[in-house]
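Subject: Structure for you to look over

Hi,

Here is the structure I promised to pass on. Please open it before reading my notes.

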Amino acid sequence: MKIENLKTQVLAFDFGASSGRCMLGVYDGTKISIKEIHRFSNDPVIVNGTMYWDVLRLFFEIKQSLIKAKSFGKIQSIGIDTWGVDFALLDEYGNILENPVHYRDGRTAGMVEESFKKISKEEFYDITGNQFMEINTAFQLLSLKEKRSHLLERADVMLLMPDLFNYLLTGKKVTENSIASTTQLFDAKNRNWSNKVIDSLELPKKIFTEIVPSGTIIGKISEDISEELGIDMCDVVAVAGHDTQSALVSAPAMEDDFVFLSCGTWSLLGTEIDEPIINEKSEHYNITNEGGYENKASFLKNIIGLWLIQESKRQWEREGKEYSFSELEELAKKTKPFKCFIDPDDPVFVPAGNIPNRIKEYCMKTNQEVPQNEGEIVRCINESLALKYRYALEEIKDCTNKNYKTLYMLGGGIQSKLLCQMTANACDINVSAGPIEATVLGNIAIQLMARNEIKDLKEARQIIKNSQDIINYYPTNTKVWNEKYDTFKEIIETKEAVKC
């Protein structure tokens, strides 16, 4: 099938924690339309107790996508976005030393505390403005230094996941701004690698490459790949490599001050600002600053998101119970509200495994009614997520001293109408839900801006808004949700105090 009479066609590759896809973006000068070309699973592989990403298989799927794209005519450029923090190390010949390790691997246990022996927590945060999370690149590298120093000694270059795929396509070794800002090695104010942090953690400086702005055309697909696949040597654009920042480009917000919620395996709730906010209050709340498109900063909180439902669904499948996500949502609707709550960010919920059982244990330990079936567990997750969003939103508002009229929910999670309505209720805010394909549309828009076919971020958001269906949710039953929020806070804050 060949689409005729198009102004521009680009390819957006979007890699998530469980799947990847290649989407064709078509821009006719007024609207952007998208079409899925290829979808594939992204399955981590455990070898000798270590969880790896199967990066060569993923690159094979990129090639398959490029082959399939040939039937759609000329492709002007491609862009790749992925999850944050993970990386590969290359040797002096440009070869991958080993498959990238999955952020859910246990190698970083204790590394945050270990880092504070080398650089104080206060100085660390003052430089990077990053939320302290064991999965962050800094702690993965510190783990390598402490436990597998020979690997770091052999390394010539570190490339984060989107930059790695860009390198495999073009041979160019650069680091894109937004993905660099997820590492906890990035100076948020000066927007470059932090020599202070790198030196304090005793990491080799040579492995860190040049940082380029989001939207940089870094090169063309190599001649070898062009010949192998029989395709033209189109441009490769370093879009906002962190999928959250590509998604944020799609937020259909026309106002300057707004809050967003990128809702998928992870939930990221925050606001877009011109300069990072790094102070005692943001450190206390453990809020992160990420680099965004047009040199913006995203002031946001990472929250474990739909991972809880995804992994619960996998557990039930292991037990022989097959449910679709919509069936689980229907079961949740039929159950008693506000039976129990969890803190989605409790460390017990990070590893893969039997999430439903861990939820039951959490509720027992916090002296709550214990959920007994699938519907009650899904409702507990959704209500807890909505209340945790409010918790994070109040922290954001406290740091910015601003009120927001609308929360822009983006990404696949908005397919849950139940979660969208619960979020509006819990946060007592209007929710604008859409687009579902926010990351892909942002990826495409950045490519079009790199080609000067869209003028700027404001125009891109208007075009995306005109191209997509947006659903609005308005808060209801807020008095009850306010009461339950007090209960939720008491549970999670008491449990946090016990842990401390």
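This is a predicted model: local features need pLDDT of at least 70, side-chain atom pairs count only at pLDDT 80 or more; totals for chains, interfaces and linings use all residues.

Residues are numbered from 1 along each chain as its sequence is written, and side-chain values use heavy atoms, with hydrogens and water left out.

**Whole chain**
The protein chain has 19 helices and 21 strands. These are DSSP runs, numbered from the N terminus: helices are H or I with at least four residues, strands E with at least two. The C-alpha trace spans about 65 × 55 × 50 Å along its principal axes. Of the 500 residues, 61% are buried (under 20% relative accessible area, 1.4 Å probe, protein chains only).

**Helix 17**
Helix 17 covers residues 438-450. All 13 of its 13 residues are buried, so the rest of the structure largely encloses it. Asn452 follows helix 17 and has a positive phi, near 65°.

**Helix 4**
Helix 4 covers residues 137-147 and is mostly covered, with eight of its eleven residues buried. Among them are Phe139, Leu141, Leu142 and Leu144. What do the buried residues of helix 4 pack against? Their partners are strand 7 (87-90), helix 2 (111-115), helix 3 (121-128), helix 5 (149-154) and strand 8 (157-160). Contact here means heavy atoms within 4.5 Å.

Best wishes

Technical notes:
The expected span of a helix is 1.5 Å times one less than its number of residues. Buried means under 20% relative accessible area, exposed over 50%, partly exposed in between (1.4 Å probe, protein chains only).
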